[in-house]
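Hi everyone, thanks for coming. Let me put the model up on the screen, and then I'll walk you through a few things in it.

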Amino acid sequence: MPEGHTLHRLATDLVVAFGDRVVGASSPQGRFAVDAARIDGQVLETAWSAGKHLFADFANDVVLHIHLGLYGGIHLGHQPAPWPVGAIRLRLTNDERYADLRGAATCELLTGAGRQKVLDRLGADPLRAEADHTRAHDRIRRSTRPIGSLLMDQSIVSGVGNVYRAETLFRARLHPLTEGRRVSRRRWSAMWSDLVDLMAHGVETGRIDTVRDVHTPEAMGRPVRVDDHGGEVYVYRRTGQPCHVCGATIRTRVLEGRNLFWCPRCQRRR
């Protein structure tokens with residue numbers, strides 16, 4: 001599932017391609033045809049993201065709301081757009097660009113009030129300057145759930161997915177099964193600052209890199225990581241490989257349907 005930095009970049013790309021311009025809207029697969037007709041020929045005023053949710057604002061209090069889910073994706077290209085093949089839920093066009101949405105978990109039109117209901121369900125987003133991370137910690141410190149579970153709860157922290165979860169916990173030297181109530185305010189503040197920096201880097205580069213300078217391939221003389229997720233990481237999807245810091249074997253287990261990754265030496269369970 002795309003993490004928050006990906007949605008932030010997509011929103012920026014939509015503004016660059018379509019912002020303040022009239023767009024054509026259609027639903028080649030037909031599932032979104034009625035709502036696509038409502039925004040066809042309208043001006044896309046702006047686009048922005050919150051957590052893993054993408055919003056595009058049109059006139060007359062019409063908001064396009066997209067959540068990509070596990071399998072969704074948005075492809076932007078230059079005209080001429082190819083003949084639509086497969087399940088394209090929504091296609092946006094102008095004279096220069098096109099954008100195809102496929103496989104999204106959510107694609108709907110809302111009002112501003114409807115969008116606010118979505119936002120009210122979301123926790124603090126590290127990519128939003130106004131986010132209040134202390135409210136997130138208030139929830140965490142009252143919970144006996146593992147911090148590895150709480151970090152993925154979008155009502156507590158929004159935008160964090162499996163990669164940022166694994167890497168932030170490693171960098172904090174915190175075992176993913178540590179109960180939330182055992183995470184101090186000071187430790188949470190440090191983790192939050194780390195998330196802010198890591199996700200901002202993801203927005204800038206379009207990839208997730210979490211290793212510090214002393215652990216890069218160049219510094220360590222090791223091969224570059226080859227993975228379809230890209231980026232240099234400490235533990236994510238490195239099961240059975242040696243830790244870049246201590247050499248211990250990276251472990252994994254399933255928690256609430258998602259894989260956890262951690263180093264048993266750097267992230268000792270207390």
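Let me start with a question: which residues line the largest cavity? They are Leu 14, Leu 64, Ile 66, Ile 74, Leu 90, Leu 92, Ala 99, Asp 100 and Leu 101. By class that makes 8 nonpolar, no polar and 1 charged residues, where Ala, Val, Leu, Ile, Met, Phe, Trp, Tyr, Cys and Pro count as nonpolar, Asp, Glu, Lys and Arg as charged, and the others, Gly among them, as polar. A cavity here is a set of points on a 1 Å grid over the protein atoms alone where a 1.4 Å probe fits but cannot get out, and lining residues have an atom within 4 Å of a point. The space inside is about 60 Å³, taken as what is filled by probe spheres set on the points, with points joined across faces, edges and corners. Strand E7 gives the most to this lining, with 3 residues.

Before going on, a word on the source: this is a predicted model, local features need pLDDT of at least 70, side-chain atom pairs count only at pLDDT 80 or more, and totals for chains, interfaces and linings use all residues. Residues are numbered from 1 along each chain as its sequence is written, and side-chain values use heavy atoms, with hydrogens and water left out.

Now the sheet. Its 8 strands run in the order E5-E7-E6-E1-E2-E3-E4-E8, open and antiparallel.

On to the largest pocket, an open set of grid points with protein on both sides within 12 Å along at least five of seven lines. About 490 Å³ of space lies in it. Of its 23 lining residues, Leu 119, Leu 122, Gly 123, Ala 124 and Arg 135 lie nearest the centre. Helix H4 gives the most, with 4 residues.

H4 also holds Asp 138, whose partner Arg 185 sits in H7, 47 residues apart. The whole structure has 14 salt bridges.

Key:
Helix = DSSP H or I, 4+ residues; strand = E, 2+ residues; numbered from the N terminus. Pairing = 2+ DSSP bridges. Salt bridge = Lys/Arg side-chain N within 4 Å of Asp/Glu carboxyl O.
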